[in-house]
Amino acid sequence: MCGIAGLIDPALAGDADALAGAASAMGDALAHRGPDGAGVHCEGSVGLALAHRRLAILGIGPGGDQPMISADGRYVLVYNGEIYGHETLRAARELRGLAWRGRSDTESLLESIACRGLDATLADIDGMFAFAVYDRREQRLHLVRDPLGIKPLFYARQGRRILFGSELKALRAAGFEAPIDPHAVAAFLRYGYVPAPYGILEGLRKVLPGEHVAIAVDGAQTHRLYWSLEEVARAGLAAPLALSDEDATDALDALLARAVRSQTISEAPIGSFLSGGIDSSTVTALMAASSSRPVRTFSIGFPEFGFDEGPHARAVAAHLGTRHTALEVSASGALDVVPLLPDLYDEPFADSSQIPTHILSALARRDVTVALSGDGGDELFAGYNRHVFAATRLERLARVPKGVRRIAGSVLGAAPPHAVDALSRVLPGAPPQAGHKLTKLADALTLDGEAFYRRLASVIPDPRTHIDASEHPPRAAMLPSRAHALERMRLADALTYLPDDVLQKVDRASMAVALEVRPPLLDAEVVRFAWRLPHRQLVRDGRSKWLLRRVVERRVPARLLERPKAGFAIPLASWLRGPLATFAGDLLTAPDYGGGLLRPQPARRIWEEHRSGRRDRAHEIWTLVAFESWRRRWASGSSRI
């Protein structure tokens with residue numbers, strides 16, 4: 001895992017020192033992603049430079065240094081990520097007889113591109129990656145991101161210059177300046193993240209998952225998707241599996257075991273995140289089954305606030321015989337992370353689980369350089385409460401007259417927080433913070449289809465209350481009209497929430513401490529298999545992730561796994577009335593709040609509603625606080641950076 005950056009600047013053509021200086025500054029801005037080495041390559045005649053910061057995982061010696069030039073001298077590569085089973089690339093007929101310089105997957109990727117072409121290589125590789133490869137013959141830069149969007153890649157055009165990097169701070173280091181994009185802010189207010197391909201600044205873009213962007217030195221640019229999750233979903237739904245429950249369990253077990261084995265290959269110390277839930281327990285159990293030594297596992301909890309996964313994780317760890325490290329985090333320890341968030345995330349980002357994710361990553365980094373995670377299990381195997389609702393109740397709800405639904409929603413929406421929380425506690429299997437989820441459901445009761453999902457996925461349901469701008473739309477989930485609501489929700493989550501929230505949260509939180517996190521549940525073959533599963537093997541008897549549960553219960557007793565789905569929560573509502581109250585209040589009531597972009601009155605109104613206890617507005621407040629703290633860090637009170 002590494003940091004990559006670079007630029008094409010015709011104005012610097014022929015000035016090798018200036019090119020190297022600009023690229024070095026971009027690489028230095030990503031030093032946290034790669035503390036083990038740094039490199040720069042310049043093509044002075046065309047004004048191109050590439051920079052790399054290295055975190056050594058495979059091919060730890062100098063044979064893996066980057067930027068790397070192909071043996072034939074045509075291509076130059078900077079690469080962030082891991083290619084699993086990269087040795088298969090080396091076995092290709094076209095690469096036979098090549099004198100290899102080392103064992104790194106970087107060299108395998110580069111020489112496959114040189115000998116077989118970029119398209120053929122992309123069709124074969126399995127991994128998580130973002131890379132830039134420059135074709136000296138064609139004078140063309142190729143930017144590529146992995147199929148699921150695990151690793152990030154930003155780029156922007158500034159006059160005649162093209163800039164790219166793993167994080168926005170690399171572009172800033174090269175002098176990138178642009179106004180804040182109000183349409184991106186509106187989208188952020190709704191979702192808590194800026195949806196790809198857009199960025200928070202005008203002209204800033206993100207390479208989409210599975211996208212290949214080609215940029216000529218003269219500025220010409222083309223885009224194509226070399227891998228499409230929508231196509232995988234449509235193909236899977238058109239050819240559903242007809243396997244018995246036992247055969248389906250065997251098949252998924254074998255696919256996951258292979259994925260975990262391929263992702264535990266590392267020359268650096270490796271471990272696993274373990275919450276004691278279905279996803280992380282599955283990954284850890286399969287990891288333990290294939291390891292000759294006890295697996296290192298890590299968990300955290302907030303016992304003083306009742307959000308503590310520690311006992312669950314310790315029980316699973318004891319059963320699997322792992323070397324477990326658990327950390328009990330105090331409120332002060334968690335709050336210490338809050339001032340770091342604008343620097344960690346570059347763009348405004350409002351998923352509050354970013355705090356425990358960073359703390360967990362720092363804990364794991366004390367002992368390992370690589371950690372496996374359970375990310376992707378919810379999106380692939382229908383793990384969210386909304387998926388269960390779609391599978392079991394949504395069609396029946398649609399038959400209820402809207403007038404009746406409107407009344408039910410009004411009653412639930414008008415209830416005070418303590419009443420909603422009390423109701424949530426008596427519901428079977430209700431998770432922590434279920435009151436917030438019930439309030440969202442109340443707002444969505446009168447909606448149908450895509451509008452219903454959009455409300456459930458929204459943090460602030462009407463951004464125009466706060467900003468006079470339309471929203472950049474997230475990627476649309478295009479499925480045949482006959483597709484079930486569950487399928488539409490799963491695809492929408494996998495196209496948007498998974499890459500733009502979950503995976504980017506983990507990338508920034510972990511790479512800030514130079515920890516590589518790998519999600520084996522997002523293996524390409526597992527993804528294809530999941531999209532061929534019938535509903536009854538996803539949700540059954542009101543239980544989510546039914547088939548995945550069957551796999552993990554072969555190795556971990558069900559009694560150790562059964563508990564309400566909680567996510568990676570922090571007690572946000574109480575913190576905003578307690579230890580975070582001054583921090584949030586100062587931001588939301590400041591005279592220059594919003595920098596001319598956001599209206600102050602709506603923010604102050606919901607702040608008073610939450611502080612007084614009349615309503616739980618914690619997630620809306622955190623979203624506004626995240627934007628304002630980011631703006632103050634990077635925009636210095638104006639709409640320009």
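## Arg74 and its surroundings

In this predicted model, the side chains of R74 and D135 are joined by a polar contact of 2.8 Å. The two residues lie 61 residues apart in sequence, while their C-alpha atoms are 6.0 Å apart in space. R74 sits in the loop between β4 and β5.

With a relative accessible area of 19%, R74 falls under the 20% cut-off and therefore counts as buried. Beyond its neighbours within four places in sequence, R74 is in contact with Y134, D135, R136, R137 and E138.

## The sheet

The strands on either side of that loop, β4 and β5, belong to an open sheet of six strands. The order is β4-β5-β6-β7-β11-β12, and the pairing is antiparallel. The edges are formed by β4 (68–69) and β12 (221–225); each has a single partner strand, so one side of each has no neighbour in the sheet.

The partner of β4 is β5 (residues 75–83), to which two bridges join it in an antiparallel arrangement. Within this pair, M68 stands opposite L77 of β5. Helix α3 (residues 105–116) lies across β4, β5 and β6 (127–135), and runs at about 130° to β5.

## Asp501 in helix α21

A second residue to look at is D501, located in helix α21 (residues 485–511). D501 is buried but has no salt bridge. Its nearest side chain of opposite charge is that of K505, 4.7 Å away; a salt bridge would need a distance within 4 Å.

Not counting residues up to four places away in sequence, D501 touches Y193, F349, D351 and T496.

Key. Residues numbered from 1 in each chain as written. Predicted model: local features only at pLDDT ≥ 70, side-chain atom pairs only at ≥ 80, totals over all residues. Heavy atoms only, no water. Helix = DSSP H or I, 4+ residues; strand = E, 2+ residues; numbered from the N terminus. Buried < 20%, exposed > 50% of the residue type's maximum accessible area, 1.4 Å probe, protein only. Lys, Arg positive; Asp, Glu negative; His and termini not counted. Contact = heavy atoms within 4.5 Å. Pairing = 2+ DSSP bridges. Axes fitted to C-alpha atoms, helices over the stretch in contact; angles between N-to-C directions. Polar contact = N/O pair within 3.5 Å; in protein donor to acceptor, adjacent residues only side chain to side chain.
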